[in-house]
Amino acid sequence: MAEPLAESEPLLGRGRGGGGDCPAGLTTCRSIRVGPGAMAQWDLCVDQAVVFIEDAIQYRSINHRMDASSLWLYRRYYSNVCQRTLSFTIFLILFLAFVETPSSLTRTADVRYRAAPWELPCGLTQSVEVLCLLVFVADLSVKGYLFGWAHFQKDLWLLGYLVVLVVSLVDWTVSLSLVCHEPLRVRRILRPFFLLQNSSMMKKTLKCIRWSLPEMASVGLLLAIHLCFFTMFGMLLFAGGKQDDGQDRERLTYFRNLPESLTSLLVLLTTANNPDVMVPAYSKNRAYAIFFIVFTVIGSLFLMNLLTAIIYSQFRGYLMKSLQTSLFRRRLGTRAAFEVLSSVAGEEGAFPQAAGVKPQNLLQVLQRVQLDSSHKEAMMEQVHSYGSVPLSADEFQKLFNELDRSVVKEVFLVLDADVLPAERDDFVLGILNCVFIVYYLLELLLKVFALGLRGYLSYPSNVFDGLLTIVLLVLEISTLAVYRLPHPGWRPEMLGLLSLWDMTRMLNMLIVFRFLRIIPNMKPMAVVASTVLGLVQNMRAFGGILVVVYYVFAIIGINLFRGVIVAPLGNSSLAPANGSAPCGSFEQLEYWANNFDDFAAALVTLWNLMVVNNWQVLLDAFRRYSGPWSKIYFVLWWLVSSVIWVNLFLALILENFLHKWDPHSYLQPLAGTPEATYQMTVELMFRDVLEEPKEDELTETLSHHPHLRLCR
């Protein structure tokens, strides 16, 4: 019976039918032999392993060209310089909206006081724009070459990239031929696509939103039925033949016709016009309040919260599927690197008896990988511990689990905790110590001044703080007298058991005891603080989606409503004019700065609408100034921003908070352990519910790599 293969032997290195040789003419790492080209082949293997590991770090696809010249281009493309250049280009083309016609270069957006904006000469912004478009053309060309035409045809994002570039260049040509007087610039609304296609996490988020739309549409249908039913009921209730004054005022103000009724109840769904919409009828008869209360309870408290729950449930499920794909990409990249390195022939062309990755080969690869120093040092230290023993597939994978952690930099106050006192530079700590002692002294003097000496001494905590402050002040004066003022390289010498400097630092620690009063609240505070910190660190994808939505709606709003808000006649007599305007109207509230006359003003107007406070005022104003169809735009904005995006943001907060609150979470390390210096990313937030890819899945996927041929 044949001996079983070693567990660490690379699966893709097994020959079919027991053979171990590669097909003739196939260049692989296993085909390296001693000879003139051996060094070049070894360098190719190292480059392949380096690129695979870097792909794993960034969750990138490994299905790209693997020859030497393509790997050189691939690494240059994903270098920090190229990627930052691409990011700056995206920022620049998006920023053009602020200086293009209509320009936002005015002091105010108020139509009453706004001067003529400073317009850049024709051709200047177009020149900058075409340079940006040429950078994107180069970006698409490089991607198309590296991933191949077959992949290009299947990738909808790359095809969309091509279409957007073609349309933008054609529209740019038309704009230049019309000397910047074109009525519509289609390319402006397409610019956010450049931001979307450059972020894998934003693509995942957008895909999750698209997958969640059917479930959201079901609740939206219930909301529409609820809204229509109460609209018809309200029109019947307040449109009877024999009406009192309250009914008549309610009908004329909020239920005049079907569009007005729908708008009034839609706004009531957001509670922006509550209780205004109810007051005319309720002031005459208490029973009318039942109609509005029932509508609000069903719509705002039940259906809207049901929508939040559905969005949270569906989004979390679909996001986990996307993150499962990211995890598979990371494991596939590291497994591909293992297969490449473990396929290297031994000395004099002999294949290694015990298949695996030699530590010295892996160290050579790690030294060339673009990786932050903290991760690289930790991984290289683990590799050194293996000595000359080859790493198996499991050991190789466990080594790269270090990538699943995101390092938090230590606070500089404890950065030198492992450095001998004689080797420390205490200049910064010396300055901080002086600052804190001055602060403690001022605190003591202010308390004595405010409470009086007797009142100050009546609090035991004040007595404790005061004694510590006096002792610290005496020690600080003594330290400065002995060691002089702090300066770079300042290291107070140790005289006796403890120096004056060390005694001061020990007494400083006692000040911390003042915080013992808040110990009962420490856990909730820590959870809330860590949740906020995690959101700030992981909001790039959600923030990017919001930027895209704002940008698109702002450009559409400019094309639809630019110039419709006109300054009132006789600006010098605004007070009488405002006095004659209906109370709560656009004119009476002086909302003139809320318009779509330029890009910056449009963004602020959209923000005010997303908050939905008094958004019915803007709805009414643009209905009067531009027409009833304008409500479609504003309702769509409310659905996208306040309903969908805000609920997605709430789902992220809930998941982050619940994960940190869970006492069984594996990401809750004990204080003082090495794991305590790590924090989670978006991927790690769901790491405990993701499944590790199976080995046969990884090897099967690698066997179908379009540009890599490992012997089987």
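Start by selecting Tyr59: at 15% relative accessibility, this residue counts as buried. You are looking at a predicted model, and Tyr59 sits in the loop between helix 1 (38-57) and helix 2 (68-77). Look at its backbone too: phi is positive, about 60°, although Tyr59 is not a glycine. Most residues other than glycine have a negative phi.

For another example, jump to Val612, in the loop between helix 22 and helix 23 (615-626). Its phi is near 60°, again a positive value in a residue other than glycine. Val612 is buried, with a relative accessible area of 14%.

Now zoom out for a moment. The protein chain has 712 residues, and buried ones make up 44% of them. Colour by secondary structure and you can follow 26 helices and 2 strands. Among contacts with a separation of 6 or more, 75% are between residues 24 or more positions apart.

Next come two prolines. Select Thr101 and Pro102: the peptide bond from one to the other is cis, with omega near 0°. Pro102 lies in the loop between helix 3 (80-99) and helix 4 (124-154). Then move to Asn274 and Pro275, which are also joined by a cis peptide bond, with omega about 5°. Here the loop is the one between helix 10 (258-269) and helix 11 (279-282).

Two arginines are worth a stop as well. Show Arg60 with Tyr78, and you will find Arg60 over the face of the ring, 3.8 Å from the ring centre. Show Arg65 with Tyr145, and the charged end of Arg65 sits over the ring, 4.7 Å from its centre.

The rest of the tour is about aromatic rings, which form 38 pairs in the structure. Phe229 is partly exposed at 49% relative accessible area, and Phe233 is partly exposed at 42%.

Then select Phe596 and Tyr633, whose ring centres are 5.8 Å apart with planes at 85°, so this pair is edge-to-face. The pair links distant parts of the chain, 37 residues apart: Phe596 is in the loop between helix 21 (574-580) and helix 22 (599-611), and Tyr633 is in helix 24 (residues 630-661). Both residues are buried.

Finish by widening the selection around them: Phe596 and Tyr633 belong to one aromatic cluster, whose other members include Tyr550, Phe553, Trp629 and Trp637.

Note on methods:
Residues are numbered from 1 along each chain as its sequence is written. This is a predicted model: local features need pLDDT of at least 70, side-chain atom pairs count only at pLDDT 80 or more; totals for chains, interfaces and linings use all residues. Side-chain values use heavy atoms; hydrogens and water are left out. Helices (H or I, at least four residues) and strands (E, at least two) are DSSP runs, numbered from the N terminus. Buried means under 20% relative accessible area, exposed over 50%, partly exposed in between (1.4 Å probe, protein chains only). Contact means heavy atoms within 4.5 Å. Rings of Phe, Tyr and Trp (its six-membered ring) pair if their centres lie within 6.5 Å; planes under 30 degrees apart count as stacked, over 60 as edge-to-face and the rest as tilted. A charge sits over a ring if NZ of Lys or CZ of Arg is within 6 Å of the ring centre and within 35 degrees of the ring normal.
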